[in-house]
Amino acid sequence: MKGAAPWRRLAEAEAAVNRSVAASSVGKYFKLEARKSSFTKELRAGAATFLTMAYIISVNAAILTDSGGPCTVLDCTPVGNSTAVPGPECTLGTSNPGYEQCLARTKSDLIVATAVAAMVGSFAMGTLANLPLALAPGMGANAYFTYNMVGFHGSGSIPYRTALAGVMMEGIIFFLLSAVGLRSRLARMIPRNIRLASAVGIGLFLAFTGLQANQGLGMVGASPSTLVTLTACSQTDPVTGACLGGTLHSPTFWLGVAGFLITATCLARDVKGAMIYGIVFVTAVSWIRGTSVTVFPDTAAGNAGFSYFKKVVDFHMIKTTAGQLSFGGFRHGSVWVAMLTLLYVDVLDTTSTMYSMAEYGGFTDGAGGFEGEYRAFLVDAGSTVLSAGLGSTTVTTYIESTAGIREGGRTGVTAVTVSAFFLASLFFSPLLMSVPPWAVGPSLVLVGAMMMRVAKEIEWGDMKEAIPAFVTMALMPLTFSIANGIIAGLAVYVALHWYDWAGLACGKVGKALDDRRRNQVAAATPEVGPAPAPAQDVV
């Protein structure tokens with residue numbers, strides 16, 4: 001057939017390229033033939049992985065911007081003709097032009113920081129560990145950093161600079177634990193059901209965040225009688241998110257729902273890059289000016305945002321978030337609690353994800369390890385140190401790497417390809433800056449939904465295991481603190497198991513004492529020699 005000739009020539013050309021690369025020093029270094037892969041297959045796998053995790057560029061930046069970053073009341077514009085520095089209300093109340101401009105600069109910086117951390121981490125994973133695993137700042141840790149450590153617009157107990165120093169210190173400790181081989185051992189020390197419940201609780205935490213107004217759909221908000229209630233109102237209080245009228249009348253909410261359904265449908269049908277399609281649809285509609293859902297309203301901030309958006313291509317240099325570290329606040333106990341919480345989540349999340357990906361890709365050996373394990377551990381821990389230096393949070397191996405593995409990715413070429421895509425994204429900051437919260441919220445909810453799958457593995461039939469697990473997962477969203485959930489779950493676990501542990505310890509002590517007494521008795525008893533042989537008659 002004539003129509004098949006071009007496709008045949010294309011296939012032959014692809015095969016020739018694959019043979020050439022496989023025979024080269026690059027192909028041998030990445031073990032393309034040994035792992036039964038090919039260069040073009042690895043490229044497709046890298047593209048599939050990037051499409052499924054590209055949302056993190058805008059989502060991570062948006063979440064971290066909620067912390068206020070380095071912005072303070074000093075960035076606020078004085079009200080009226082006053083020359084006095086405004087009070088803290090300028091960061092939490094009605095939008096202040098000066099503070100909003102600082103937040104816009106911070107978001108631009110964090111978009112670059114996210115992309116650079118993902119680019120460097122993925123490149124190092126591919127070239128040093130030769131694994132098809134992509135890295136980027138992790139979901140869960142970013143929300144904990146923003147809403148628990150720094151607080152919304154800096155309203156928490158830990159300043160932004162001190163919190164970043166805590167992230168860097170956690171990364172250094174994590175690196176040292178990986179270097180001496182303690183990382184996997186620490187992960188195994190945590191009770192399995194608490195580990196599983198932590199993943200579920202973080203998923204609920206993310207979903208709850210995605211349903212709120214500041215970083216999501218705006219479906220739930222404050223209520224004076226029931227704490228939270230259904231909102232999605234046409235008007236809301238800018239500080240509390242409480243509904244001021246028109247429940248479920250928010251146009252942006254319904255646009256976000258459409259994006260949620262698009263993404264959910266793609267996930268249900270196993271469409272590659274499913275997470276990105278809903279975000280792209282909602283964002284594209286929100287870019288249209290003159291509508292009730294536009295992200296560029298006819299205001300000073302909206303006009304400034306639209307002017308920057310029209311550049312489309314622009315390489316932004318980090319100006320305010322890089323190097324913003326302050327170790328002076330480490331004298332406060334809250335900083336150490338937060339740092340240990342991040343370390344706990346990092347040990348569990350990153351380590352378990354990496355083992356899961358290795359198992360999924362068939363890289364594991366009989367002992368449960370995998371080729372390149374040691375270097376992979378060092379890479380993701382080192383990437384966290386870099387990320388903190390840029391102003392972002394802990395870097396983790398992404399579960400979305402399964403998309404590339406499913407496409408046939410088996411070597412580090414897949415991760416290097418992902419790195420190249422993140423490099424390209426650095427030149428499109430104007431577009432990434434203009435992704436609205438109601439486009440990001442649905443992805444947070446769906447990430448939370450995907451994290452629910454491990455709940456079935458919890459031993460619900462054993463109350464000593466089920467109750468601590470439930471406390472862990474319930475308190476994370478209800479107290480809006482990952483740390484509170486972990487601490488409470490471990491405390492309940494100890495409370496329910498201490499009697500068993502005490503009985504086991506007493507039994508071991510008793511056995512040791514019995515053995516000692518028997519040894520002492522045996523030592524005190526004189527040995528009885530053998531009986532003399534009977535005399536024989538002499539003939």
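**Burial and helix packing, with the cut-offs**

Author: In helix H12 (residues 274–286), the buried residues are Ala274, Met275, Ile276, Gly278, Ile279, Val282, Thr283 and Ser286, where buried means under 20% relative accessible area, exposed over 50% and partly exposed in between, with a 1.4 Å probe and protein chains only. The model is predicted, so local features need pLDDT of at least 70 and side-chain atom pairs count only at pLDDT 80 or more, while totals for chains, interfaces and linings use all residues. Residues are numbered from 1 along each chain as its sequence is written, and side-chain values use heavy atoms, with hydrogens and water left out.

Reader: Against which helices do the buried residues of H12 pack?

Author: The buried residues of H12 pack against helix H3 (39–53), helix H4 (55–65), helix H11 (251–268) and H19, judged by contact, that is, heavy atoms within 4.5 Å. Helices here are DSSP runs of H or I with at least four residues, strands are runs of E with at least two, and both are numbered from the N terminus; the protein chain comes to 21 helices and six strands.

Reader: Why does Val445 count as buried?

Author: Val445, which has its place in helix H19 (residues 437–450), has a relative accessibility of 16%, and therefore counts as buried. Leaving aside neighbours within four places in sequence, Val445 is in contact with Ala207, Gly210, Leu211 and Phe260; the C-alpha atoms of Val445 and Phe260 are separated by 8.5 Å, although the two residues are 185 residues apart along the chain.

Reader: How do you know that H4 is mostly covered?

Author: Eleven of the eleven residues of H4 are buried, among them Tyr55, Asn60, Ile63 and Thr65. For the protein chain of 539 residues, 49% count as buried.

Reader: What makes H4 roughly parallel to H7?

Author: The axes of H4 and helix H7 (residues 141–150) come within 8 Å and cross at roughly 20°, which makes H4 roughly parallel to H7. The class is set by the angle: under 35 degrees is roughly parallel, over 145 roughly antiparallel, 65 to 115 roughly perpendicular, and the rest oblique. At this packing, Asn60, Ile63 and Leu64 in H4 meet Asn142, Ala143, Phe145, Thr146 and Tyr147 in H7, and by class the contact has five nonpolar, three polar and no charged residues.

Reader: Why is H10 called roughly parallel to H20?

Author: Helix H10 (residues 192–211) and helix H20 (residues 463–478) pack at an angle of about 25°, with axes 7 Å apart, and that angle makes H10 roughly parallel to H20. Among the residues that meet are Ile194, Ala197, Leu204 and Phe208 in H10 and Pro468, Thr472 and Met476 in H20; by class, the contact of H10 with H20 has twelve nonpolar, four polar and one charged residues.

Reader: Which residues have the most contacts inside the largest nonpolar core?

Author: They are Tyr55, Met139, Phe145, Met149, Phe422 and Ile482, in a core of 73 residues. A nonpolar core is a set of buried Ala, Val, Leu, Ile, Met, Phe, Trp, Tyr and Cys residues joined through side-chain atoms within 4.5 Å. Leaving aside neighbours within four places in sequence, Ile482 is in contact with Gly140, Tyr144, Asn148, Ile202, Phe205, Val345 and Met476. Apart from this core lies another, of 18 residues, including Leu131, Met357, Phe370 and Phe377.

Note on methods. Axes fitted to C-alpha atoms, helices over the stretch in contact; angles between N-to-C directions. Nonpolar A, V, L, I, M, F, W, Y, C, P; charged D, E, K, R; others polar.
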